[in-house]
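User: Hi! I am new to this structure and would like to learn how to read its features. Could we go through them together?

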Amino acid sequence: MRRLTHSAQQVNLERRKVCLHVGALAAAFTVAPTHAANPANSRRIVSVGGALTEIVFALQANADLVGVDTTSLYPESAQKLPSVGYARSLSAEGVLALAPTQVIVTEDAGPPAVLRQLSASGIPVTVLAANHRFEGLNERIERIGELTGRVAQANAIQQTLQQDWVRVRAQVAQHTTKPVRVLFVLAHTPNQIMVAGADTSAQAMLDYVGANNAINGFSGYKPLTPEAVIAARPDIVLLTDQGLKATGGVDGILKLPGLEQTPAGRSRRVISLEAMFLLGFGPRLPAAVSALDTAIGKVMRV
Amino acid sequence: MNALVLKLPPYLQIKRVRPATLLVAALLLGVAVAIQGGAVSVTGSDWLSILGLGEQQGGAGGAYVLWNIRLPRVFFAVLVGASMGLAGALTQGLFRNPLADPGLLGVSAGAACAAALTIVVFSGLNLPMPISWRVWLLPAAAFGGALGVCFTLDRIARWITPGSIAGLLLTGVALNALAAAVIGLCTYLATDEQLRSLSFWTLGSLAGGNWALVALLAALLLFAWWRVRQLVRAMNALALGESAAAHVGVDVRHLRSHIIVLVAVLAGFSVAWCGMIGFVGLIAAHLVRTWVGADQRQVVPMSMLTGGLLLLVADTFARTIAIPAEIPVGIFTALLGSPFFLFLLRGARGRIG
Amino acid sequence: MLMKTSMETDLMRLDCVGISLGASSFGPFSLQVVPGERVAILGPSGAGKSTLLKLMSREWKPASGQVFFKGQTLTTWNLSDLSRHRAVLPQSSDVAFGLQTDLVVGLGRVARAHDPQLPDIVEACATLAHATHLLGRRFDTLSGGEQARVQLARVFAQLWDAHDGLILVDEPLAALDPGLQFDLLDSLDTYASTRNHALVAILHDINQAMLGFDRLLLVKDGKLVDDLPCSQQAVPALESLYSISLSCVTDIQGSLVITPMRKAVRRLSAAGAIA
């Protein structure tokens with residue numbers, strides 16, 4: 001809690017300068033020597049959204065980062081940065097206290113009043129959506145490259161990603177077997193399972209991997225009754241690592257009503273990947289698609 | 001006004017101090033402390049700057065934050081808390097029940113319901129509307145929902161058992177259930193983006209405070225206070241029971257509809273601008289009654305002061321404990337209200353009855 | 001002509017007043033009360049005594065007929081004006097929240113916008129009702145009898161500066177000890193006499209009725225079966241009202257004492273009253 005008493009006053013401006021110098025010094029030690037912090041245009045970036053933070057790190061602009069949100073967990077060093085809290089309930093003063101020059105947020109961020117207050121204070125707030133598409137990812141990288149002054153790095157990354165992407169898509173296209181039916185489980189209550197329908201990030205990943213969503217007929221995340229689960233006949237159940245752990249592992253999942261009677265349940269075909277990796281649509285997207293593809297292949301062969 | 005001696009340990013005894021004076025002092029102290037606290041450090045030169053003296057700062061420095069974000073927020077918290085406290089006192093007086101609450105009437109639920117419908121139904125319609133109106137659309141809808149619930153409540157309650165307050169309570173329960181079902185349906189039908197809007201609104205936060213809102217709310221509160229002053233004596237008579245109150249010359253129906261409208265206006269406005277923040281009205285009015293007795297002429301103004309203080313303290317904790325993040329303020333209203341209430345109960349053991 | 005004159009001097013008049021509550025119908029009630037009168041309403045349980053009183057107090061609106069108070073239809077009276085002429089002492093004295101006793105007494109005068117003498121009046125009324133020692137206490141800390149005294153004081157305060165008013169009393173004394181009952185009725189009588197208020201009370205004790213009241217209204221099965229002055233001649237009517245045999249004796253002071261017969265016969269005895 002930063003609270004200045006009258007007896008310990010320091011001019012805000014001087015304090016900021018000191019912080020910047022210390023920060024630059026620290027950056028020089030933590031970041032690879034090939035990149036030097038640019039003291040003339042010191043950027044201070046607050047990034048809200050795990051995928052966006054990943055992109056910032058990928059562009060090696062993480063020295064400029066002064067604050068991230070609670071979903072920014074990758075890479076590990078991101079977790080050491082000051083947290084501005086949950087993306088949906090940001091604090092205006094909290095963000096302003098970090099004295100950012102740029103705030104980059106996902107479309108999830110809010111409350112809208114806080115974003116308005118931040119813009120009104122003269123700080124550029126940029127909202128970047130991914131639209132669950134590779135093209136969206138590209139746009140994000142380009143935009144963040146501009147905002148962080150790393151346009152060259154951005155282009156480089158885009159090229160690498162493009163190559164990876166083409167390779168992964170080719171790998172997926174090689175499959176000759178019938179598309180599998182996958183059910184993505186988000187959360188659960190004792191009676192119902194919350195699953196992903198169309199227009200979700202999970203659906204997009206399944207499309208990329210050439211699998212079918214076992215559910216069709218609705219969009220968004222909705223609860224399913226046990227009967228509907230059985231009628232869906234999924235071959236595989238897909239979750240995030242966090243979701244799987246919360247449910248008590250594969251055994252726990254298969255105890256959920258309806259799942260046991262499905263083909264996935266009978267053969268115990270349950271896959272999980274880390275949440276931000278799987279659904280973040282960050283720079284690890286090609287790797288994620290590849291990992292998902294491999295996992296599906298592995299589980300179907302057994 | 002009675003001057004009371006609190007049953008506190010000897011070293012804390014405050015003799016012969018009017019409770020209202022004590023509360024005003026506490027509130028002023030609270031405001032002073034709250035202004036000091038926050039993520040951004042604020043210095044004396046910032047104060048000079050906003051008062052027009054000293055050097056003017058540009059950008060989003062301490063002075064900017066002080067004037068545009070912190071001060072409005074502090075005053076906003078006090079005013080919202082005061083209106084919740086007033087609404088709570090009015091509701092408890094109306095129902096003759098120390099546990100009554102605008103939430104019970106279904107006001108908050110009605111406001112939430114209207115907001116949910118607006119988000120899910122209207123935003124899908126893509127009606128042409130100037131941007132400035134859009135900002136006011138949601139709170140206006142919530143406000144309208146609260147009023148609508150209150151009028152419906154009053155109408156239905158008259159058909160059921162005219163003049164009966166128990167009937168009102170039961171009708172409120174039914175309307176609460178209806179509103180909750182509609183909100184649930186909206187949640188189910190909402191797209192991802194609409195769901196996001198819905199969840200902002202239900203998280204309950206005072207972050208949206210700005211000077212315009214402060215001015216609006218201050219005017220509203222003044223008007224409500226002026227109106228209530230004319231009603232407090234009659235409200236005391238309600239304690240005798242509806243029929244006895246009528247016998248001593250109080251127009252119970254008239255009084256009841258007045259109180260309901262006031263409660264709807266106050267609670268609806270708070271819910272509209274801040275989302276769902278619970279407990280303040282309930283705890284404030286109950287605490288005040290435990291402390292100074294049940295005379296509405298004292299309970300009402302002191303509930304306003306207590307409500308303001310309570311929400312101010314809660315919000316200050318909410319925005320300073322996890323800097324630079326912010327915790328939803330509703331958690332703190334519950335965490336602060338309950339233990340304090342237990343403490344006061346202990347001190348006034350013999351009087352609760 | 002004679003009727004018209006008596007209409008104008010009536011304090012309260014009921015003209016074939018009836019009401020239906022659920023399956024039961026009450027009425028038609030037709031009666032007059034003149035200023036200063038003492039009227040006792042007697043009858044078995046569920047007969048409609050409370051209903052009659054509620055029709056008189058405007059708590060319930062009659063489905064048929066009209067109630068006149070001081071020459072004007074009761075429903076056209078302004079509530080606060082009415083409260084200055086008519087007071088009701090309720091059966092149960094439930095006061096929410098535990099208000100201070102002096103506040104409760106003062107509530108009798110709440111309809112008055114400007115009331116500079118309120119503290120004095122409260123004091124005087126409490127004295128009359130023998131409740132002075134209760135002022136300053138919380139209402140819910142009082143015993144049943146003490147609460148009844150405070151409610152009485154409230155009624156006193158309500159009609160303090162009125163004359164020729166009406167006090168309606170709905171069985172408030174039922175649960176009190178005999179000493180307290182007489183005490184309160186006595187206070188009520190003194191108060192009403194000095195201001196010429198009429199008193200209409202529902203009672204269960206026949207002797208109380210005989211002692212302090214001028215007139216008896218006998219209500220049975222939702223109808224007003226009899227309207228007679230208090231005297232020994234009323235005993236047969238009382239017997240048929242309660243379907244019980246009564247014996248009358250005159251005590252040492254010359255007052256009439258009526259008690260049910262020892263081996264009470266549940267049907268009317270053809271022999272009539274026993275002297």
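Analyst: Let us begin with burial: a residue is buried if 20 or more other C-beta atoms, placed from the backbone, lie within 10 Å of its own, exposed if 12 or fewer, and partly exposed in between. Gln208(C) has 18 other C-beta atoms within 10 Å, so Gln208(C) is partly exposed. This is a predicted model, in which local features need pLDDT of at least 70 and side-chain atom pairs count only at pLDDT 80 or more, while totals for chains, interfaces and linings use all residues. Residues are numbered from 1 along each chain as its sequence is written, and chains are lettered from A and ligands numbered from 1 in the order in which they are written.

User: Where does Gln208(C) lie, and which residues does Gln208(C) touch?

Analyst: Helices (H or I, at least four residues) and strands (E, at least two) are DSSP runs, numbered from the N terminus. Gln208(C) belongs to helix 8 of chain C, residues 206-212. Two residues are in contact if their C-beta atoms, placed from the backbone, lie within 7 Å. Leaving out residues up to four places away in sequence, Gln208(C) touches Gln181(C), Leu185(C) and Leu203(C).

User: Which residues of helix 9 of chain C are buried?

Analyst: An α-helix has 3.6 residues a turn, so residues three or four places apart point the same way. In helix 9 of chain C (residues 235-242), the buried residues are Val235(C), Leu238(C), Glu239(C) and Leu241(C). They lie on the same side of helix 9 of chain C because they cover an arc of only 160° around the axis, the arc being that of the directions from the helix axis to the C-beta atoms. Among the elements they pack against are helix 8 and strand 9 (215-220) of chain C.

User: How do helix 1 and helix 14 of chain B cross?

Analyst: Axes are lines fitted to C-alpha atoms, for helices over the stretch in contact, and angles run from 0 to 180 degrees between N-to-C directions. The axes of helix 1 (residues 19-36) and helix 14 of chain B come within 10 Å and cross at roughly 25°. Angles under 35 degrees count as roughly parallel, over 145 as roughly antiparallel, 65 to 115 as roughly perpendicular and the rest as oblique. Helix 1 and helix 14 of chain B are therefore roughly parallel to each other.

User: How many residues of chain B are in contact with chain A?

Analyst: On this side, 35 residues of chain B are in contact with 34 residues of chain A. Helix 3 (62-95) of chain B gives the most to that side, with six residues.
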